[in-house]
Amino acid sequence: MTQYKHEERRLCNMKIAIVGTGNVGGSLARTFAQKGHTVTIANSSNSPALHELAKETGATAATVQDVAIAADVVIIAIPTKAIPNLPAGFLDRTAPGAVVVDAGNYYPLHRDGAIEPIENGLPESRWVEQQIKHPVIKAFNATNWYNLTEEIQSKLPSRLALPVSGDDAAAKAIVSELVAEAGFIPVDAGSLDESWRQQPGSPAYCTDLGAEDLRKALSQATRERKPESSGVRASEEELKAAQEMQVAFFQSFDQAIQVLAESNQWTEAAATKGIVDQFMSGKNPADILAYVFEHKRLD
């Protein structure tokens, strides 16, 4: 019966609820509204930006408590630390057999703080699933947010691939279809217990790969958390130093994006991609940012 309901909804436009209207949630709202889906959006602050995004896209603004009412798909795109603060029962009034997507990532040093079960090896999305008491599919997390925009996608020589992990084959098929609608090649990355393969620090994370290379990257992943993706250190002093260093870096990164956008009349997406491309070329990130601040352009 659940399989039938999933398959039936795949044949028509869906009601998609998006929790979180930052770069990822906002970009997905634009994409799926443009594709003709009925989109409802919410964030924790009910800010003017929420209503501006609704006006821009034709989506409906709602509270987090009500955003998922009658939704076929619910996409959660908020900081990991905010997951436990979601209203109890906000998923109780979804459509029967609704699919919930975890599009988030765990960043313990500069944003989320250490979450012990994740640090001990529990896949991030398995932890999210436990918090919201609903099965999830892991998707839309393993690409830089600007790749979700039409502006950047239109300039790519070929489609990038995105991993999709989860335990329900029918739910995964629906999410894979949405991944394709968003402009990517969906790649089945296995069960949710395997979703650590697409977490931050893995070879599959934010590396702009095609389908074959993404499958290879997923197979090469290891479960060991890299220091920059872990909130555990030998001492409190060492942890504090690591946190301060990463916070300072991301503050400089954000400032550099604004400098490039304002000085060159670029969009935030174009400015962010330009800097990240420089990072990926192997140049020292600190040198790249210093050059931007001095020259207000990229080398």
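**Pockets and cavities**

Q: Which helix gives the largest share of the lining of the second largest pocket?
A: Keep in mind that this is a predicted model. Helices H2 (23-34), H3 (48-57), H7 (150-153) and H11 (268-280) each supply at least two residues of this pocket's lining. The largest share is six residues, and the helix behind it is H2.

Q: How many residues line the second largest pocket, and what is its volume?
A: Ser-27, Arg-30, Leu-148, Thr-149 and Glu-150 lie nearest the centre of this pocket, out of a lining of 35 residues. The lining splits into ten nonpolar, 16 polar and nine charged residues.

Q: How many charged residues are in the lining of the largest cavity?
A: The structure holds two cavities of 30 Å³ or more, and the largest has a volume of about 60 Å³. Its lining includes Ala-142, Leu-160, Cys-206 and Asp-208. Strand S7 (residues 161-164) brings the largest share, three residues. Sorted by type, the lining has nine nonpolar residues, two polar ones and, for charged, one.

Q: How many nonpolar residues line the second largest cavity?
A: About 50 Å³ of space lies in this cavity. Among the residues around it are Ile-78, Pro-79, Asp-102, Glu-124 and Lys-138. Three lining residues are polar and three are charged, while the nonpolar ones number four.

How values were computed. Residues are numbered from 1 along each chain as its sequence is written. This is a predicted model: local features need pLDDT of at least 70, side-chain atom pairs count only at pLDDT 80 or more; totals for chains, interfaces and linings use all residues. Side-chain values use heavy atoms; hydrogens and water are left out. On a 1 Å grid over the protein atoms alone, a cavity is a set of points where a 1.4 Å probe fits but cannot get out, and a pocket is an open set with protein on both sides within 12 Å along at least five of seven lines; lining residues have an atom within 4 Å of a point. Helices (H or I, at least four residues) and strands (E, at least two) are DSSP runs, numbered from the N terminus. Ala, Val, Leu, Ile, Met, Phe, Trp, Tyr, Cys and Pro count as nonpolar, Asp, Glu, Lys and Arg as charged, and the others, Gly among them, as polar. Grid points are joined across faces, edges and corners, and a volume is the space filled by probe spheres set on the points.
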